[in-house]
Amino acid sequence: MIIQALQAENLFKYKKLSLTGLSPRGRILLSGANESGKTAIVETLCLGLFGRTAALEADQLAKAVKWGENHGSVTLTFLGPEAQSYTVSRYLDSKGHCQASLSRTGETEPLAKGVAAVNQQVQALAGFGFQHYIETLFLAQNDQNGTAREETIQALAGVAELDGLTHAFAEEIETMQEQIAAGDLHTASLQEELILLDLREEALGELEEERRRTQERAAGLDRDRQRWQQFADGMQQAATEIETASNRLLRCGLESTLESWQARCGGLEQALQSMDGVCHANQVEMDSRPGEGLRAGVKALQPHLSQGAAILARVAEHRHEMAIWLGEIPGKEGQESLQQAQAQIQTQVQHALRQRKRSGVLIAFSLLGAALLGAAGGVVQFQEGTELARSLTMALKALYAGWDPSLVPMLFALAVVFLLLAVNGVAQSFGLRRKIAFLEGEGDALDEQAEDARQRVQRMDGAAREPLARQVAVLTRLTGGEWLGELQQWADGAGAALLEETAQRQLLAQLQGQLESFQQEVAEDRTDMAAQQAAALQEQQLLGEELLRLESRIAEEQARRQQDQALRAQQAALGVTRQQLTHQIAVRGVARELLQGACQGLSTRFNQELRRFITRAAPLFTQGRYQHLRIDERLQVAAFSTIKNDFVDFDEISTGVRHQLLLAVRLALAQALAARVGHDPQFVVLDEPFVFFDRQRIRESLEALLGVSDQIAQVWVIAQEFAAEMGDAGDLRVMCLGEEDSLQVEQGRVR
Amino acid sequence: MTDQERPNTQDGFQVEDPVAVFAAFSREELRRWRDTEPAFDAALHEEAVALVLERLRKRSGNREQQGRGAS
């Protein structure tokens, strides 16, 4: 950084201060008597750069305003990095209010506004701040040791950055250790909570198993209740069917047919079987079988009905056979029928009549033959010689060539044969007549039999449509049935209960009683079942309450388990965090060791470099008398005294030499700062550096100032006076006069 | 003062880059520990080096950002 111009109004002693056109390389020699305003110039420069001065703290800036003025201002133009020119302007009033702006020179748009922003940007451009400036680039007249604070040395050495990181890591380690301690405390409190929680691993499983068993028991009870209900419903339905069937049976009477008895009895038996099925299939293992009396009654009644039905079946079969015989319905092939019998008789009669007719013809022919043969024999025998007898003999000879009269007896014999044939025919005809009469009698009998059969069929049919009692009465009056005896026997015995009013009333009363007993049994069974259901329901309700209790305990146990898991998760997370923190601490520990080692190396080499530079610069300001210096790690200087032939401490050296050495140290520090911030040319300010120098030393020191380093290009030097022979033509000489409150230097010329 | 007595201004004040110094030192330390300590945790060492370099880069980046804002 090189100062190009410094302009101020109403600051310190100056109403107007203007130094412009300052050379980037060379000496600026400010001289004047005490209180002439020399230091005010460099204080103004410092104020312009950093907003404060070496003598004034930040809260004392109002004192910088010229006495009696309300405000003051300073405008500083400097060359920054890459030879860019910047202008910083500051305004402050007597109350200490400050304003500032920074811009590239020639531009109106500021780079930064406000004191803080401008200070930050100036520091960034310069590469150093106020403190470094004061301790390296600015040598105050009252500075007695010339060295910088350790922090500044570290910054110059490049250690500050590493050291700052070392301290940052130390703080982080401390913070992490505190975090670990806090985490350990937290872990301990979590462990206490876990102990208090006292979670048993198997507790939840036990509760869930108990709940499962209870649920199964409740489900079993529910199934039992449903089974009881199903059994009760089934029994009720079967009982209703039995009652209905029983009532239907009880409505049977003398007007009922056997089919009706059978159907109703069968219905009741079926209903009882349904009840048996219900009782047998019940899944509640209840030993119940209501209606035993009814079953016995039906069982007793059933054979009577079966027996009667069997008899009536036989009657019906008989009637069927008669109908077939009568030809009312077709029968099986070969089965005898009335029509066949009648036809057979008729055929026999016809045959007999034809035989009788043939017998008549035979009789007539036999009689005619016997007459003719008898007559011919008589004529031939007894009227021989007659014409007639000759004619007959001729005819006989014609018929039989061997005829001779001796054969006349043969004619008579033949006549007798014919006569016998006639007699036989008569006998045969007589027999046929008798046969025909017999057949006609059989036909009549058959007709009567058929008529009788028709009447019986008709009566059977009529009886079949009648109630059982009348049917039996009609049938028992019929004759000719093989079943009649059995029917009569049944009617007098087993069937009496169905046929006689008194017996029937007793039967029905007995059935009624059995029905009532059945109803009572059913009612009792249903009461038992209701009691069982109620007991199951009650137990179910108790199990429901137990389930609720178990659910509550399970939920509580689950919550405890979740809490346990959460606590353990927190512990685990804390463990992980602790592990990570421990690792981070270890990492930072190693980092610190490495940083400290690197810092040590940096410091060592920086100090070596600084000592090298001081050792080289010191002879420039001591006329070569102190070429051997010893500078310790704290930059404490010891010089080799040729008189004492030994190194002497800084305090033992004369004040003049001490200041000369301090100047060398300060220039070394300035060089170090310049090298640290970059390789741009740098200005330095030396306030009364030669106060104890003699003229020769001042002159030589002035000459040496610009030769110390290429980077220390612009050197501001304050002194009481600079002799004319001091310096050279390139120096800017500014003489401050105590009585003047205005100072203007333009292009190296004082106006 | 003779020319020999003058300091060699061509040989300017040498300052070292702290990052480079640190990197070199940590490499040397790594090599030394590896050679001398069987139980040396090289991973921990490298992690520490990476952490330092990262922090230094961040600081450097912040300064550069401030500098760019000004220039």
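Let's start with strands S10 and S11 of chain A. S10 covers residues 637-641, and four bridges join S10(A) to S11(A). The two run antiparallel. One pair to find on screen: Ala639(A), whose bridge partner in S11(A) is Val648(A). Keep in mind that this is a predicted model.

Now widen the view. S10 and S11 belong to an open sheet of three strands in chain A, in the order S9-S10-S11. The pairing is antiparallel. Which strands stand at the edges? Strand S9, residues 629-631, and strand S11, residues 646-649. Each has a single partner strand, so one side of each is left without a neighbour in the sheet. Neighbouring strands here are turned by 30° against each other on average, direction ignored.

Next, another strand of chain A, S3. S3(A) spans residues 26-32 and is mostly covered. Five of its seven residues are buried. S3(A) pairs with S13(A), residues 712-719, through six bridges, and these two run parallel. Look for Gly26(A), which stands opposite Gln714(A) in S13(A). S3(A) is also joined to strand S14, residues 732-736 of chain A, by five bridges. That pairing is parallel too. There, Ile28(A) has Leu732(A) as its bridge partner in S14(A).

On to the cores. As a general point, nonpolar side chains in soluble globular proteins tend to be buried together. In this model, the largest nonpolar core has 125 residues. The residues with the most contacts inside that core are Leu594(A), Ile614(A), Ala664(A), Ala668(A) and Trp716(A). Which element gives the largest share of the core? Helix H15(A), with 16 residues.

Take Ile614(A) as an example. Leave aside its neighbours within four places in sequence. Ile614(A) is then in contact with Leu629(A), Ile631(A), Ala664(A), Val665(A) and Ala668(A).

Now a helix, H2 of chain A. H2(A) runs over residues 115-126, 12 residues in total. From first C-alpha to last, H2(A) reaches 16 Å, close to the 16 Å expected at 1.5 Å a residue. Its buried residues include Val115(A), Val118(A), Val122(A) and Leu125(A). Asn119(A) and Gln121(A) are also among them. Just after the helix, Gly127(A) takes a positive phi of about 90°.

Stay with Leu125(A), which is found in H2. Why is Leu125(A) called buried? Because 24 other C-beta atoms lie within 10 Å of Leu125(A), and the cut-off is 20 or more. Leu125(A) and Tyr86(A) are 39 residues apart in sequence. In space they are 9.3 Å apart, C-alpha to C-alpha.

Last stop, the partner chain. 41 residues of chain A are in contact with 31 residues of chain B. H2, H5 (159-197), H15 (501-621) and H16 (655-677) of chain A each supply at least two residues of the side that touches chain B. H15(A) gives the largest share of that side, 17 residues. What kinds of residue make up this side of chain A? They divide into 22 nonpolar, 12 polar and seven charged.

Note on methods: Residues are numbered from 1 along each chain as its sequence is written. Chains are lettered from A and ligands numbered from 1 in the order in which they are written. This is a predicted model: local features need pLDDT of at least 70, side-chain atom pairs count only at pLDDT 80 or more; totals for chains, interfaces and linings use all residues. The expected span of a helix is 1.5 Å times one less than its number of residues. A residue is buried if 20 or more other C-beta atoms lie within 10 Å of its own, exposed if 12 or fewer, and partly exposed in between; C-beta atoms are placed from the backbone. Two residues are in contact if their C-beta atoms, placed from the backbone, lie within 7 Å. Ala, Val, Leu, Ile, Met, Phe, Trp, Tyr, Cys and Pro count as nonpolar, Asp, Glu, Lys and Arg as charged, and the others, Gly among them, as polar. A nonpolar core is a set of buried Ala, Val, Leu, Ile, Met, Phe, Trp, Tyr and Cys residues joined through C-beta atoms within 7 Å. Two strands pair if DSSP finds at least two bridges between them. Axes are lines fitted to C-alpha atoms, for helices over the stretch in contact, and angles run from 0 to 180 degrees between N-to-C directions.
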